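Thanks for coming, everyone. Please look at the screen while I talk.

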Amino acid sequence: MITEPTRIPPRDDRGTQPAPWRRPRVVLWTAAGVATLGFLVALEIVARGYGFSGPITEQSREVIFAPESGPLLYGGLALTMVVLTWRQRLIALGIAAGVDVAFFLVRWALDADMNFGNGALWVVLGVAVLGLTRRTGQERLLLLKGTGLGLLLVAGHKTGDTWLLITSKTRATVLDAYVAAADHALADPSWLVGRFLNATAPVSTGILHVVYGQLPLAAALVGLYQLRRVAVERRFPAHHLVRTFLVIGLFGPAIYMIFPVVGPVFAYGTDGGAWATANLWPDVLPPVTDPQPIPFDGITPRNCMPSLHTAWAVTLFIHSRDGSRAMRWAGTFWLVGTLTATLGFGYHYGADLLAGVVFALTIETAMRCSAHGWDRAGVRVVALGLTVFAAQLASYRWLPTEMAARPWLYGPLLLLVTGAVIYAYVRAARAAREREREPKPGVPRQRPVPEAEASASASASAEPTDSAGAAETATTGTGTTGESGATDAKPELV
C-alpha cells in the first residue's frame, strides 16, 4: 500500500519549526517602521516649508558635523549595547572614543565647532551593518532592534525639537489666559510653589534644576536596568520604559498644536518680555476676567498642555517600582522633584500637571496591553483615560470662568477624576502582574537546573559564535522574571 509522504513544514535557521506567531509580529513591526519613516518624512517636509531642517536632516548631519548633544548620542549607544556581550561593549566603546578623538583633533586643527558624539553614532550604525551583513535569523533581528532603539532615542529628541519649532511658527496666539483662570480652581499652585522656591533659593532651585534637566538621564538608567539581561537571554522584554517614553514624546507635541500654551513664566512673567500680559508671576495672581487668546512671539514653544515632563516622570516612577529599594526611592524623588520644578519655575500650570498624569497612565496602559495582550481592565483604563483627558481639555477651554468662580466644586472634581484614572490604572496593573505570575496552562514544569549546568549554559550563551547558536540560546534561556522552565519562550519585539 503506497501512502503519500507527510509534508514537513520548512524549518527556520535554528533547525526548529517556524513559530506561527512570528509572521504577524514581523508584519506588524514592519508596518510600524514604515509608518514611523513616513511620519519623519512628513515632518521633514513641513519643517522645510517653514525654513528650517527637520529631524532626518538634523540626525544625518551628525554623522560628520558637530552634534548638538553628545550625551544623547552616547545614551543611544548605551541602549544599542544592551544586545552586545561585555567584550563587544568594550570594543564598541573603544571605537566610539577613538572616532571622537579623531574628530576632535581634526576640528581643533580646522578651528571648527567642537563637540563629541559622532563616534557613538558611527558605532550604532555599525551594529546595524554588522547585523545585516554578518548575522542571520534571530541574531540579525536582535542587532537591528538594538540599533533601532538607539536611533529612536535620538530621533525622538530631534522630532520633539522640530515639533516645538512648528508650534511656535503655526500658533500665533496662546491660551494661557484660559488655563490660568481654570487654575484658580486648584488654588494657583504655580504661584504658590514659585513663591516657595524664591524664598528658598538658591539651594532649592539648584537641586531642582538638576532634577528637571537630568530626567532623560534618570530614565535611561531605569531603562538600562530593565534591559540588563537582553545580552544573555537574546531577547527584549515585552514591555519596558523606553517604549512608553518614545510614544509619549511622539503624541504629546500633537496636543500642543490643539491647545497652545507657553506657561506662566512667559505669559505672566519677565521671560515673556514685551509679549507677556503683565509681570505678575509669581507675586501677583492674574485677575479672573473673560479670557481671550493672547498673541505671542514666533520663537517660544507652545509646550505646556499637557506637561510631558510630568508624564515622563510618572512613567519613570511606575517602572522604577520593579527595581531595588534605592531605585524605588530615586523614582519617587524624581517624580516629586519634577512636579515641584515644573510649577516652581513657572513652566506649567497645575492644570497641565493633571492632564500630564492622565496622559501618561493612558499611554502606559495601552503600551503594556499591546505587549501582553488586551484585557477588559486595560480597555477600561484606556477608555477612561481618553475620556477624562478630553474632558480636562474641554473644561479648560470652555469653562475656565465657571471653574474660577466655583473652586470649591471644580477643584475637588478635577482631583477626583484624575484620582479615578490613577485608581483604575493601579487595579489593572496589579491584576495584570498577578496573571503574568500564574503558570501558563499546558506548559510542563522542568526539573530544576543544577547550578553548575546553569552557569555553563549562561557562559555559553554570553558569546554567540554564529547565528544558529545565538538563536538556539534565545529559545533555551530563562525568561525576564528569572524563572527557568519556559519551554515555549518567545523572542519579544521591542
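How many salt bridges does the count come to? By the rule used here, a salt bridge is a side-chain nitrogen of Lys or Arg within 4 Å of a carboxyl oxygen of Asp or Glu. The count comes to 7.

First, some ground rules. This is a predicted model, where local features need pLDDT of at least 70, side-chain atom pairs count only at pLDDT 80 or more, and totals for chains, interfaces and linings use all residues. Residues are numbered from 1 along each chain as its sequence is written, and side-chain values use heavy atoms, with hydrogens and water left out.

Now the overall picture. The protein chain has 21 helices and 2 strands. Those are DSSP runs (helices: H or I, at least four residues; strands: E, at least two), numbered from the N terminus. Of its 494 residues, 46% count as buried. Buried means under 20% relative accessible area, exposed means over 50%, and partly exposed is in between, with a 1.4 Å probe and protein chains only. Take contacts, meaning heavy atoms within 4.5 Å. Among those between residues at least 6 apart in sequence, 77% join residues at least 24 apart.

Back to the salt bridges. Glu-62 and Lys-158 meet through their side chains at 2.6 Å, N to O. Glu-62 sits in the loop between helix 2 (55-61) and helix 3 (70-80), and Lys-158 sits in helix 6 (residues 137-170), so this pair ties together parts 96 residues apart in sequence. Are these two buried or exposed? Glu-62 is buried at 1% relative accessibility. Lys-158 is buried too, at 4%.

Next, Glu-139 and Arg-234. Their side chains form a salt bridge at 2.5 Å, N to O. This pair also links distant parts of the chain: Glu-139 is in helix 6, Arg-234 is in the loop between helix 11 (230-233) and helix 12, and they are 95 residues apart. Both Glu-139 and Arg-234 are buried. There is a network as well: salt bridges with shared partners join Glu-62, Glu-68 and Lys-158.

A local case is Arg-48 with Glu-44, a salt bridge at 3.2 Å, N to O. They are 4 residues apart in helix 1 (residues 22-49), so about one helical turn separates them. An α-helix has 3.6 residues a turn, so residues three or four places apart point the same way. Arg-48 is partly exposed at 49% relative accessibility, whereas Glu-44 is buried at 10%.

On to helix 10. Which of its residues are buried? They are Leu-215, Ala-218, Ala-219, Val-222, Gly-223 and Gln-226. Seen down the helix axis, they fall within an arc of 135 degrees, so they line one face of helix 10. That arc is taken from the directions from the helix axis to the C-beta atoms. What do they pack against? Helix 9 (203-213), helix 12 (241-258), helix 14 (308-320) and helix 15 (325-344).

Last stop, helix 4. Arg-89 lies in helix 4 (residues 86-110). It is buried, with a relative accessible area of 13%. Leaving aside neighbours within four places in sequence, Arg-89 is in contact with Met-81, Val-82, Leu-84 and Ala-231. Further along, Met-114 lies in the loop between helix 4 and helix 5 (118-134). Met-114 is partly exposed, at 38% relative accessibility.

That's my tour. Questions, please.
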